[in-house]
Amino acid sequence: MGRRAKNKQDVPLPFELENKIEGKVTKKLNDRLKHEAIRAHKQREAALKQNKDSRRMQPPASPKDNERKRKRNTAPKPNKKITKPKVESEDEEEEDTPAAATILDEDAPVDGWDNAPIVSDSDGGIDSDSELESDEEAESADDNNADSSEEEFASAEDGSAAEAEIASVNEDSESDVSGSDSGSESETVTQKPLSLLSDESDEAESDDGIESYDEFDTDAEEDDDEAVTFRDMEKRSRKIDARRQMEAEMAELELETGEAVVEGERELFELPSEEQVELEKEAPLDLSQVQLRIQEIIRVLGNFAELRDETKSRNQYMSQLKRDMCYYYGYNEFLMDKLMDLFAVGEAIEFFEANEVARPVTIRTNTLKARRRDLAQSLINRGVNLDPIGKWTKVGLTIFDSQVPIGATPEYMAGHYMIQAASSFLPVVALAPQENEKVLDMSAAPGGKTTYCAALMKNTGMVVANDANREREKALVANVHRLGASNVVVCNYDGREFPKVMGGFDRVLLDAPCSGTGVISKDASVKVNKGPEDFIMLTRLQKELILSAIDSVNADSGTGGYIVYSTCSVTVDEDEAVVNYALRKRPNIKLVDTGLDFGRPGFTSFRGHSFHSSLALTRRFYPHTHNMDGFFVAKFQKLSNKVQVSEEQVVIPTGSGATTKQRKKKKGSHH
């Protein structure tokens, strides 16, 4: 970086004052030459912008220019070639600019233009007065040219040649470079530094306050077709920030205006008439039109007081919304009513959308044979992209993508892991079986929860795996053998036959058969094949099974006495209603905390029905909030093996068909 002059002048001195200066080229004279060069360069740039598409040959030089050239070329110039881009005429090469005008000695060295010494009076060179007079003539010529800039500087080749000549001289120079401000601060000027020819007498004159200096050597950054310099960078930055802020405000205003226009158009939405509804049953609308109408109805329901049609009730909007959603998502009307009652309108849409997307593939590490860290590393080496499921489980892994079939790896065949939904981890985590306990899994197939219990018990104690479906038990037995669960006993009974078949368990796990409304993403047939009769049958079966599970537990167990009830359904009929029924039928049990620190609490009241307050301890899981299958988990603790109904009646539960024993009163003796 060169030195800057401390006494730069924004405006050059008049020639009357410059005529008094004799000797070599001074700082003031150089500033004047620099000013002229910049002015000529600005004129050429303006002409270049106006005539970029039409290029003409350079006009011939005027007699004044020829006379000026003859006077300035009294000293011989070295044979130095100047590289100029796109020169088509020899006249353009011969043209000189005022910025390159310097007075050279006759015995200039032949090794370069920039090494020529400056002429002084003592050397008997050219008189300064004659040189300044020639500059006065050049200035008047330039003033005349400025008045007719559009005609004389129309050629793009002229501007390019002059700019290349100035740049070439500056590149070859080894002396200091001087520069000055181009004028007012409101106008940015591209400054081309000029090389001053140095001499030994420069040091003597620098004492008088005149110094040579270098212009800032930076790469110009184009912005709005003008170069950016350090001098105006801060001002340009402020302008850019102000422009961006204004654009952002305009964009925001435009967005608000557009929303207001759209809002005004949306206010015209009206529900279809009964005739239109009948016509749509025969000729259904396009899905995009149905989706748009769903969005419109949701918008109206969100601000019903202001956007409603006064002739329509809220029930009419809800009825139309359910019809459209049944058609759009493919549900029957009965199941749509069941599911819509669970959520607000906006959340219901999220639930139905989540059911259209498959849940992530998850696996459970079999801790009887492997550790999760080692298993994860082995699968990663096989090209599997995975991550832990969450902090709530220490054995689960989520599989994002795999280059190999995840159900056919050597690790899978060796029983190091089980492909299992994350939601099916939850009932086993809530049950928390301990070593050397006696555990019953009433609906065990295909064996994911059974083998998880065996792993937590470290193959101690006994796990009775029961399932009523003999075909499903084949997969159960295969998984038990593959995962090395040696403490599992498989049986095939109707769960309602317990505890007559076997009882006295420390813990019982009942993952009851259900409608599957929480796993619609896996089985889309649930949308249409579940009706009122299915729910009546399923809820009756669930109530019988939960009573059998409660009666199969030994309340006197030192470590257990717990029952976990779970379903892969989200309907209240199969979840809270069944649990509330069990609390009423078995007063010797109570709900306890599940041990799951996430999930939503169960309903204590629903659509006018009130449940036991302890149902808040149960947990609900939804696909749109927890990214797993819909699930319900409740945990009971059995307090006593007998139920005291009244002072005269004691119930000894024996499953779904409980027996009743009546105490006999002692008869008094007769005397």
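Q: Which residues are buried in helix H16 (residues 372-381)?
A: Leu375, Ala376 and Leu379 are buried there. Buried means under 20% relative accessible area, exposed means over 50%, and partly exposed is in between (1.4 Å probe, protein chains only). Helices (H or I, at least four residues) and strands (E, at least two) are DSSP runs, numbered from the N terminus.

Q: What should I know about the model itself?
A: It is a predicted model: local features need pLDDT of at least 70, side-chain atom pairs count only at pLDDT 80 or more, and totals for chains, interfaces and linings use all residues. Residues are numbered from 1 along each chain as its sequence is written, and side-chain values use heavy atoms, with hydrogens and water left out.

Q: Back to H16. What covers its buried residues?
A: The cover includes strands E5 (361-365), E6 (384-388), E7 (396-402) and E8 (417-419), plus helix H17 (410-413).

Q: And which residues are exposed on the other side of H16?
A: Arg373 and Asn381.

Q: Which glycine follows H16?
A: Glycine 383. Its phi is positive, near 90 degrees.

Q: New spot. Where does asparagine 366 lie?
A: Asparagine 366 is in the loop between E5 and H16.

Q: Buried or exposed, that asparagine 366?
A: Asparagine 366 has 0% relative accessibility, so it counts as buried.

Q: What does asparagine 366 touch?
A: Setting aside residues up to four places away in sequence, asparagine 366 touches Gly415, His416, Tyr417, Ala455 and Leu483. Contact means heavy atoms within 4.5 Å.

Q: Where is serine 515?
A: Serine 515 sits in the loop between strand E12 (507-511) and helix H21 (526-529). Serine 515 counts as buried because its relative accessibility is 3%.

Q: How far apart in space are serine 515 and valine 526?
A: They are 7.5 Å apart, C-alpha to C-alpha, and 11 residues apart in sequence. Leaving aside neighbours within four places in sequence, serine 515 is in contact with Val526, Lys530, Phe535, Leu538, Ser569 and Glu574.

Q: Last topic, H13 and H14. At what angle do their axes cross?
A: Helix H13 (residues 314-329) and helix H14 (residues 333-340) have axes that come within 10 Å and cross at roughly 120 degrees. Axes are lines fitted to C-alpha atoms, for helices over the stretch in contact, and angles run from 0 to 180 degrees between N-to-C directions.

Q: Which residues of H13 and H14 make the contact?
A: From H13, Met318, Leu321, Lys322, Met325 and Cys326. From H14, Glu333, Met336, Asp337 and Met340.
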